[in-house]
Structure formats: structure tokens, C-alpha cells
Amino acid sequence: MQERADRLLAIADDELVLGWRDSEWTGIAPYLEEDVAFSSIAQNEVGHARALYELAAGDLGTTADELAFDRSPSEYRCVPLVEQRLADWADTIARHYLYELADELRIARLRESDDEEVAGLAAKIEREETYHRIHAQMWADRLAGEPRFVAAVERLWPAAVALLEENLRPQLGERAGRDLPSTTVLVGLERGAHTDELAELWHEMTSVRRSVPGAAW
Amino acid sequence: MSIWEVFRQERKGQPFQHAGSLAAPDERFAEEYAREQYGRRGESVALWVVPREAVHEIDEFPDELQRNYHRVDGYPLKEKLKEARARAGTG
């Protein structure tokens, strides 16, 4: 049970933190329609996190809110890729594109799980992620020749590889048409490592909940 | 960026009605934005996404001879109904 919870938490934390980062574009995305679309994607990611936390919470005898907000930053299992605060749209789309590429493989693996609860939830998540991928892909195609975007994908690639367990990485490399980074490049990017930006995000994200400990919202 | 007109169908079998317009760089973006703006709350079962250039607007309807019997308001039914009822003694 602890092992299943740990696996679910890794994904839930990725989705929550990425959803939070993506939501930072709400109100300031390049144009109104994109603002609506990207905010919606951010909201979906947080929704996926919630469902995953609920499943994990059942195993751990706690609640989704406690898992999402009452752990210390060092206890989160998200990868550095999602923690970074990206103030540039090309960087944001590069991360979105790479994340969706990797996440698809991860969800596909979960859907094949013998654990019916996990497989069922993964199938639900997948139905929404399909549209995230369409969104990511159309942006990636549109920005394909844009030097800022090309450089951003190049820079974020190693961190995106670190999102996946090692056995899924070769498949990601194939899909992206890129070589896998060496282990030295991956130092500090692997799951378990955290950036200072996570603590900052955590502070903001949990501020309301911490203002009245134990309150029911 | 070009403008796209979005029509939505609330329930199967019902006519599509104009939902609004949006700006998008191409067809793929337009479809994605239409889905987010007019479909994600379960308010539509289908959408039509149409480039504004594809819409042919007609806004001139000449009626030089005042043939008001062509118009919806040109045929005062109320008065005629009243007279008919009076004749029949049911009014």
C-alpha cells in the first residue's frame, strides 16, 4: 500500500505543481483565447492531482488536502522540471510539450496496471490529457522554427527525461527524436532533488490553508 | 490571427445557434479554443467552427413598394380575430 501511495504521490505532486505553475499565466497569457485554454489545462492538472491524492490518501489513512498542503516542501515527490518558475512563453510551451510527451508514456503504463483502481483512474485522466497533448503539439508545431522555443526544448530536455522511471526513458527518447542525457547531466534533476523555487511556490500555495490550521474549507 | 465564428448545439437534434467568436492563428487553434470556451462545461453536444470569411452576410432587403403583408408585423391578426369572435359571439 505504501508503495502504491508513493507511486501515486509522485505523479500527483507533478500534476499539482505543474498545474500551479501553469496557472501563473492566468490573466497574462499572450492573448485571451490562449489564456482561457491554458488556464483550463492548469485546472485539469490540479484536478488530476486531486484524484490521485484521494486514491493515495485512502491507502495512507489521510485526506487529499492533507497530502497536497500539509507536507513540507522536502516531502513532495515532484521533479525539478515542474518546479521551475518560467516567465517566458516559449519556455512554458517547451515544458508543456515535453511534459505531455513524457506523461503520455507514464499514463499508458498505469492504464495497463493490474490494479483496477489505478488503471481506471489513469483511463479517466487520459481522456483529458488527450486534449492537453493536442494543445501542446499544435503549439510545438507552430513554434518549431522559433530559436527561443528550440533552445528552450534543448535546455529542458534532461529535466523532462527525469520525469520518467528509467525503464520508460528510451521510449521517450525515441518519441522526441533525442538522445538521452548522461547521468552526470541528470544530477539535480532527478526525482528526489528539489529546486529553491519549490519552497517559494509551497509558501504561496499553502498560505491560505496555513492561515487557519485545521479549518474546514 | 483570424476570426472564427462558433455555433453550438445544446442537445442532439436541436438547431445550431451562434455562440460567439474567437481569434486564433489557424484551424487547429480555433478548434481547441472553441472546445475550451464553448464545450467544457457540458453546455454543448457539438460545435461548428467557421472562419468568418466563410460567412456570407446579407443585410439589404429592398421593399420599395411597402408590401407590408410580407412582414411579420404587417398583418394585424389581433383586430381580425376580435372581429371574428364578435361575429361568432364568443369574444
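User: Hi! What share of the contacts in chain B with a separation of 6 or more comes from residues 24 or more positions apart?
Analyst: Hello! In this predicted model, residues 24 or more positions apart account for 41% of those contacts in chain B.

User: And in chain A, what is that share for contacts with a separation of 6 or more?
Analyst: There, residues 24 or more positions apart make up 74% of the contacts with a separation of 6 or more.

User: OK, back to chain B. How many helices and strands are there in chain B?
Analyst: Chain B has 2 helices and 3 strands. Starting at the N terminus, the elements of chain B come in the order β-β-α-β-α.

User: Is chain B compact or spread out?
Analyst: Chain B is more spread out than a compact globule, because its radius of gyration is 22 Å, well over the 12 Å that the globule rule gives for 91 residues. Along the principal axes, the C-alpha trace of chain B spans about 65 × 35 × 15 Å.

User: How much of chain B is buried?
Analyst: Of the 91 residues in chain B, 16% are buried.

User: I'm looking at helix 2 of chain B now. What span does it reach?
Analyst: Helix 2 of chain B covers residues 77-88, which is 12 residues. From first C-alpha to last it reaches 16 Å, close to the 16 Å expected at 1.5 Å a residue.

User: Why does helix 2 of chain B lie largely in the open?
Analyst: The number of buried residues among its 12 is 0, so helix 2 of chain B lies largely in the open.

User: What follows helix 2 of chain B?
Analyst: Gly89(B) does, and the phi of Gly89(B) is positive, near 75 degrees.

User: How does the radius of gyration of chain A compare with the globule rule?
Analyst: The radius of gyration of chain A is 17 Å, close to the 17 Å that the rule gives for 217 residues, so chain A is as compact as a globular protein of that length. Its C-alpha atoms fill a box of roughly 50 × 40 × 35 Å along the principal axes. Buried residues make up 35% of the 217 residues in chain A.

User: At what angle do helix 2 and helix 6 of chain A cross?
Analyst: The axes of helix 2 (residues 32-60) and helix 6 (residues 116-142) of chain A cross at roughly 170 degrees and come within 11 Å. Helix 2 and helix 6 of chain A are therefore roughly antiparallel to each other.

User: Which residues in helix 2 of chain A meet helix 6 of chain A?
Analyst: From helix 2 of chain A, they include Ala37(A), Ile41(A) and Leu55(A), while the residues of helix 6 of chain A include Leu121(A), Ile125(A) and His132(A). By class, this contact has 6 nonpolar, 4 polar and 2 charged residues.

User: I clicked on Lys124(A). Where is it found?
Analyst: Lys124(A) sits in helix 6 of chain A. It counts as partly exposed, because it has 13 C-beta neighbours inside 10 Å.

User: Last topic: how many residues does each chain bring to the contact?
Analyst: Chain B brings 12 residues and chain A brings 10 residues. On the side of chain B that touches chain A, strand 2 (17-24) and helix 1 (27-38) of chain B each supply at least two residues. Helix 1 of chain B gives the largest share, 7 residues. The residues on that side of chain B divide into 6 nonpolar, 1 polar and 5 charged.

Definitions and conventions: Residues are numbered from 1 along each chain as its sequence is written. Chains are lettered from A and ligands numbered from 1 in the order in which they are written. This is a predicted model: local features need pLDDT of at least 70, side-chain atom pairs count only at pLDDT 80 or more; totals for chains, interfaces and linings use all residues. Two residues are in contact if their C-beta atoms, placed from the backbone, lie within 7 Å. Helices (H or I, at least four residues) and strands (E, at least two) are DSSP runs, numbered from the N terminus. Ala, Val, Leu, Ile, Met, Phe, Trp, Tyr, Cys and Pro count as nonpolar, Asp, Glu, Lys and Arg as charged, and the others, Gly among them, as polar. The expected span of a helix is 1.5 Å times one less than its number of residues. A residue is buried if 20 or more other C-beta atoms lie within 10 Å of its own, exposed if 12 or fewer, and partly exposed in between; C-beta atoms are placed from the backbone. Axes are lines fitted to C-alpha atoms, for helices over the stretch in contact, and angles run from 0 to 180 degrees between N-to-C directions. Angles under 35 degrees count as roughly parallel, over 145 as roughly antiparallel, 65 to 115 as roughly perpendicular and the rest as oblique. The radius of gyration is taken over C-alpha atoms; the globule rule is 2.2 Å times the number of residues to the power 0.38.
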